[in-house]
Amino acid sequence: MALATTRESQLLKQKIESRTARIGIIGLGYVGLPLTLLFSEERFPVTGFDVDQKKVAALNSGGSYIVRIPGTEIQAAQRNGFRATAQYAEIAQMDVVIICVPTPLTEFHEPDLSYIRNTAQAIAPHLRAGQLIILESTTYPGTTEEVLIPILENNNQLSLKAARGAEGDGFYVAFSPEREDPGNDTVARRDLPKVIGGAGPVALELASAVYSTIFNRTIPVSTPATAEMTKLLENIYRCVNIALVNELKQLCQRMDIDIFEVIDAAKTKPFGFQAFYPGPGLGGHCIPIDPFYLSWKAKQFDFHTRFIELAGEVNTAMPYYVIEQTTAALNEQAKALKNSKVLVLGMAYKRDVDDLRESPSLTIIELLRKRGAIVSYNDPFFPYVGQGRHYHLDMHCAPLDDLGQYDCVLIVTDHSDYDYVRIVREAKLVVDTRNATKGISSAKIVRC
Ligand SMILES: NC(=O)c1ccc[n+]([C@@H]2O[C@H](COP(=O)([O-])OP(=O)(O)OC[C@H]3O[C@@H](n4cnc5c(N)ncnc54)[C@H](O)[C@@H]3O)[C@@H](O)[C@H]2O)c1
């Protein structure tokens with residue numbers, strides 16, 4: 001039964017169905033830009049909002065700053081009416097506003113909601129009745145109801161309230177988590193089921209109508225907090241399982257068993273097992289960060305999230321384990337880590353992506369340098385790595401032409417373009433944290 005019975009909600013539904021609803025996407029990064037393109041492909045008029053003027057300028061001149069999104073896709077979107085802006089006043093013209101801004105951690109490992117708060121403050125003065133506001137940023141359960149809605153309600157000039165029932169003159173709010181997996185082309189974006197929690201049944205109905213235009217399946221849940229928790233469960237599940245195999249990898253190494261062979265055998269079980277792979281440590285904007293959003297919130301309920309803490313402990317220790325293994329491998333060759341030349345292969349946090357955020361390579365390079373190693377790196381996605389929130393490297397990408405000059409080539413990111421046979425042939429020693437050299441037999445390889 002249709003619940004959208006007020007004039008505003010019926011009008012919005014009609015606009016969505018006729019693809020005339022104006023969609024505003026706030027935050028044109030790894031999540032917001034692909035979402036923009038999906039709506040644009042459906043011929044919705046889309047406006048992108050970002051505080052980064054360089055991104056706005058790049059998009060408006062038909063360019064892209066994300067490697068896997070070619071400029072031609074931005075230009076096609078422009079032909080369908082897409083443009084980018086830094087002017088929040090244009091929010092007033094939007095029918096649907098989707099927020100995709102960052103949700104990092106503070107230096108004390110607590111949720112940093114400043115981007116969501118700033119965005120809500122910036123939207124509020126331009127709110128009008130009948131607009132649908134959707135939050136996609138990953139966050140702790142309660143953010144939509146306890147943070148977003150109060151800021152919108154308390155800072156708009158028309159005294160508008162979030163419409164939870166059939167009342168007419170409010171705005172609608174929903175939360176719908178993003179499930180983007182950069183670099184994973186096995187599932188088309190449209191085939192990712194979209195979980196949606198509305199602040200009230202009409203908001204849910206409208207948000208479902210919007211997302212049904214670009215996703216093949218929507219999964220309605222009862223509240224925004226349920227949708228917020230769903231996203232965290234998905235990422236905590238990954239984080240905990242990765243910690244499990246990271247720990248078992250260390251045990252297997254002592255027992256002289258190949259953990260990757262074990263996982264490959266275990267995953268032949270047709271039920272009850274999902275393969276996760278060990279590595280040099282967690283990276284990316286999600287898995288190392290999101291679980292701490294929940295452990296922080298849990299404290300409000302006098303609850304200690306032990307699995308999250310333990311997984312965090314194991315995973316953050318992995319770069320130190322890599323250093324230990326590299327030191328031991330050099331020791332076998334009668335060399336000290338101090339003054340050894342080490343080439344780190346791969347800076348990105350995972351294979352074939354141009355994303356450095358929280359990459360274990362950054363920690364590993366800093367640890368190697370602290371211990372006196374002479375470090376270079378190679379990564380086709382990063383010609384230069386300067387300064388970030390938690391690192392200061394100032395390094396240029398080294399060519400891959402004279403691998404014999406290094407005492408050790410340390411594989412941290414297994415980009416598919418690397419020729420691992422050549423790398424093993426030319427290097428003096430290869431420490432492989434990703435099983436990238438699987439199938440290559442050589443005494444020079446140390447897998448860890
Ligand atoms: N990257 C992923 O794979 C992924 C997957 C699932 C969920 N998420 C979640 O999605 C959210 C966005 O992540 P992302 O990877 O796209 O981040 P990002 O850093 O790539 O992009 C965020 C964009 O928001 C812009 N921005 C910041 N403050 C703003 C403001 N006040 N107004 C307008 N624009 C603003 C930034 O300039 C940037 O362009 C995060 O909560 C993240 O946890 C990300």
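The bend at a residue is the angle between axes fitted to the seven residues ending there and the seven starting there. I keep that in mind for these entries, which concern a predicted model.

**Entry on helix α6.** I looked up helix α6, residues 143-155, and found that its 13 residues reach 17 Å from the first C-alpha to the last, close to the 18 Å expected at 1.5 Å a residue. I then looked for a bend and found one of about 30° at Ile149, with a proline, Pro150, following within four residues. Ile149 is also among the buried residues of α6, which include Val147, Leu148, Ile151 and Leu152 as well as Thr143, Thr144 and Glu153. When I asked what these buried residues pack against, I noted the strands β4 (96-99), β5 (132-135) and β6 (172-175), together with the helices α5 (114-123) and α8 (224-255).

**Entry on the surface.** I next found a nonpolar patch formed by Leu244, Leu248, Leu251, Met255, Ile257 and Val262, with about 500 Å² of accessible area together. Helix α8 gives the largest share of this patch, 4 residues. Val262, for its part, lies in helix α9, residues 259-266, and I recorded it as partly exposed because its relative accessible area is 38%, between the limits of 20% and 50%.

**Entry on Tyr293.** Leaving out residues up to four places away in sequence, I listed its contacts, among them Thr103, Pro104, Pro111, Tyr140 and Leu232. I also noted that the C-alpha atoms of Tyr293 and Glu110 are separated by 6.9 Å, although the two residues are 183 residues apart along the chain.

Definitions and conventions
Residues are numbered from 1 along each chain as its sequence is written. This is a predicted model: local features need pLDDT of at least 70, side-chain atom pairs count only at pLDDT 80 or more; totals for chains, interfaces and linings use all residues. Side-chain values use heavy atoms; hydrogens and water are left out. Helices (H or I, at least four residues) and strands (E, at least two) are DSSP runs, numbered from the N terminus. The expected span of a helix is 1.5 Å times one less than its number of residues. Buried means under 20% relative accessible area, exposed over 50%, partly exposed in between (1.4 Å probe, protein chains only). Contact means heavy atoms within 4.5 Å. Patches are made of residues with over 30% relative accessible area and no salt bridge: like charges are joined within 9 Å, nonpolar side chains (Val, Leu, Ile, Met, Phe, Trp, Tyr) within 5 Å. Accessible areas come from the Shrake-Rupley method with a 1.4 Å probe; for residues, only the protein chains shown count as cover. A salt bridge is a side-chain nitrogen of Lys or Arg within 4 Å of a carboxyl oxygen of Asp or Glu.
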